[in-house]
Amino acid sequence: MGLTTGGLPTFIDVGNSFGAPAIVEDNLIYQLVQNGKRVVMMGDDTWLQLFPHHFEKSYPFPSFNVKDLHTVDNGCIEHLLPSLYEEDWDVLIAHFLGVDHAGHIFGVDSTPMIEKLEQYNGVLKNIIEVLESRSGPGGLHENTFLLVMGDHGQTLNGDHGGGTAEEVETSIFAMSLKKTPSSLPPELNASCCEPHLDKEKMCINSIQQLDFAVTISAMLGIPFPFGR
């Protein structure tokens, strides 16, 4: 919830996440729709509970069975790659869930978790290949910006919801299809940028989850959610 509103969830909000009511306060998804952005969603059906009237198209899959590692992910894979060839969306959300469920049932250091991560690596590779193949001048993905992220971390046992670093910290990978500038701005100095395998620099930094909504809003040129 904090990712889309920019606000901290209350204990009531956390409790409601198991039968989530629609978000009524101002949020990133609402601002996208209000400003003419076509939003397509696929994956975890909780999104439709939170945002019941916001999506141009949606492909929800049941997410409550924590023992099911594949239904949501397979649904995402089925619709995600074909959608990359379509021009009927401005923002595409694909919420995979298998890693979360694998952690809860088998733990972080388990074979099912490794298999899920390897599956995601393959999916991400395919996504990037499609985006890059159509990222030239005038191409469908000339201006596409890819974000891959988690909404929370996990303990070794797969639990989350507490305040430990391993529960509240997660990864975010951002990739622009535009060519990088020849010189980096001063704030992206050598302390956080290192040569990658292809000799290009990869910059590693951190962002507060509560700043996510306003950061994306600024990048897309839409108003910030009111709470921020």
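Predicted model: local features only at pLDDT ≥ 70, side-chain atom pairs only at ≥ 80, totals over all residues.
Biologist: What makes the pair of tryptophan 47 and phenylalanine 51 tilted?

Modeller: Their ring centres are 5.8 Å apart, with 35° between the planes. Rings pair if their centres lie within 6.5 Å, and planes under 30 degrees apart would be stacked, while over 60 would be edge-to-face.

Biologist: Happy with that! Now to helix H7: how does its span compare with the expected value?

Modeller: Helix H7 covers residues 111-133, which is 23 residues, and reaches 33 Å from its first C-alpha to its last. At 1.5 Å a residue, 33 Å is expected, and the span is close to that.

Biologist: Which residues of H7 are buried, and what covers them?

Modeller: Pro112, Met113, Lys116, Tyr120, Val123, Ile127, Ile128, Val130 and Leu131 of H7 are buried. The cover includes helix H5 (71-83), helix H6 (98-106), strand S4 (145-149) and strand S5 (172-176).

Biologist: How do you know that H6 is roughly antiparallel to H7?

Modeller: The axes of H6 and H7 come within 9 Å and cross at roughly 170°. An angle over 145 counts as roughly antiparallel, so H6 is roughly antiparallel to H7. The contact is made by Gly98, Val99, Ala102, Gly103 and Phe106 of H6 and Pro112, Met113, Lys116, Leu117 and Tyr120 of H7. By class, the contact has 7 nonpolar, 2 polar and 1 charged residues.

Biologist: One last residue, then. Why is threonine 215 called partly exposed?

Modeller: Threonine 215 has a relative accessible area of 31%. Buried needs under 20% and exposed needs over 50%, so threonine 215 falls in between and is partly exposed. Threonine 215 belongs to helix H9 (residues 212-220). Its C-alpha atom is separated by 9.9 Å from that of glycine 6, although threonine 215 and glycine 6 are 209 residues apart along the chain.

Methods:
Residues numbered from 1 in each chain as written. Heavy atoms only, no water. Helix = DSSP H or I, 4+ residues; strand = E, 2+ residues; numbered from the N terminus. Expected span 1.5 Å × (residues − 1). Buried < 20%, exposed > 50% of the residue type's maximum accessible area, 1.4 Å probe, protein only. Contact = heavy atoms within 4.5 Å. Phe/Tyr/Trp six-rings, centres within 6.5 Å; stacked < 30°, edge-to-face > 60°. Axes fitted to C-alpha atoms, helices over the stretch in contact; angles between N-to-C directions. Parallel < 35°, antiparallel > 145°, perpendicular 65-115°, else oblique. Nonpolar A, V, L, I, M, F, W, Y, C, P; charged D, E, K, R; others polar.
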